[in-house]
Amino acid sequence: MDPENHTRVSEFFLSGLTTNHAVELALFTFFMVVYVLIILGNILIIFTIAHDQHLHSPMYFFLSNLSVIDVCHSSVVMPKMLADFLVDKKSISSEGCEAQMFFLHLFACTEIFLLTIMAYDCYLAISNPMHYGTIMSRKMCLQLATVMWMRGLMHSVSLTALTLSLSYFGPSAIDNFFCNVPLIIKLACTNIHVLEMLLVATSGLISVVCFLVLVTSYVVILVSLRNHLSEGQHKALSTCAAHLTVVTLFLGHCIFIYLRPAKSLAADKVVSVFFTAITPLMNPIIYTFRNEDMKNALRKLCRRQIDSQDK
């Protein structure tokens, strides 16, 4: 199409999860509860780690970062999804769509790097406990956190800029409940083959490589240490098992969405729900109920609150 003879799309129309109004009301109630639990659960983790001196270690520093990302990640999509359950016209402005894409990729890519850092931290805690404190110093943790946020920002800026550089003058219907790069570039009035390949080469391959590296590292840990674990290493190994569950849930979505051409599949919405709602909800549950230190810290926090109320 000739850009001079057409007006750029000013808003996009989302298909949502369903068109049945009764089902939408039920989903609104369900996902409202999920969203509240995500916010409360992750904030509780952040608060507990900040107020318990025993949790001031690299492992829990990165866990608090994960909770921050989960709150932000879910807040990019879920408020809009909840609002759309209550209206017939599910539209989003082009500026709102751009913001969703930018922040979605910022937090998703940062979380991928964070999960990789957490795997490295877990590996060091188990394989080299004597030098763990020296290697993972406070300065090193801050440097790793800075790098992961900067890399996430660079990835999001570059991918969003490439997406916005395309021309959008034609269709404006998005077959999902939020804006995502693979869905948006399908609507471009230009050839998107190069951008599709770039998307696979960046987001897709990054997800696959990180997933394989993480799984391989855990296999190596299990094989080398299964017969001689100290109590501290048992705790670290338990955390690693929880971490591997989170990695599988999160990176599984990224691999499914980004390691293929930009087209809609029936399973996309289900996978997207896990990505935006279920995984951020599972993180506080997994890291709390599978971690004795976190459970003990929560008990102490509850006792402290009860004692303060009694006084």
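The points that follow are grouped by topic.

This is a predicted model, in which local features need pLDDT of at least 70 and side-chain atom pairs count only at pLDDT 80 or more, while totals for chains, interfaces and linings use all residues. Residues are numbered from 1 along each chain as its sequence is written, and side-chain values use heavy atoms, with hydrogens and water left out.

**Overall fold**
- The chain contains ten helices and three strands, where helices (H or I, at least four residues) and strands (E, at least two) are DSSP runs numbered from the N terminus.
- Of the 311 residues in the chain, 48% are buried, meaning under 20% relative accessible area with a 1.4 Å probe, protein chains only.

- The three strands form an open sheet in the order 2-1-3 with mixed pairing, and two strands count as paired if DSSP finds at least two bridges between them.
- The edge strands, each pairing on one side only, are strand 2 (91–93) and strand 3 (173–174).
- Strand 1 (residues 11–14) pairs with strand 2 in the antiparallel sense over three bridges, and Phe13 stands opposite Ser91 in strand 2.

**The nonpolar core**
- The largest nonpolar core has 84 residues; such a core is a set of buried Ala, Val, Leu, Ile, Met, Phe, Trp, Tyr and Cys residues joined through side-chain atoms within 4.5 Å.
- Among the members that touch the most others are Phe31, Tyr168 and Phe250, and helix 3 (residues 94–127) gives the most to this core, with 18 residues.

Technical notes. Buried means under 20% relative accessible area, exposed over 50%, partly exposed in between (1.4 Å probe, protein chains only).
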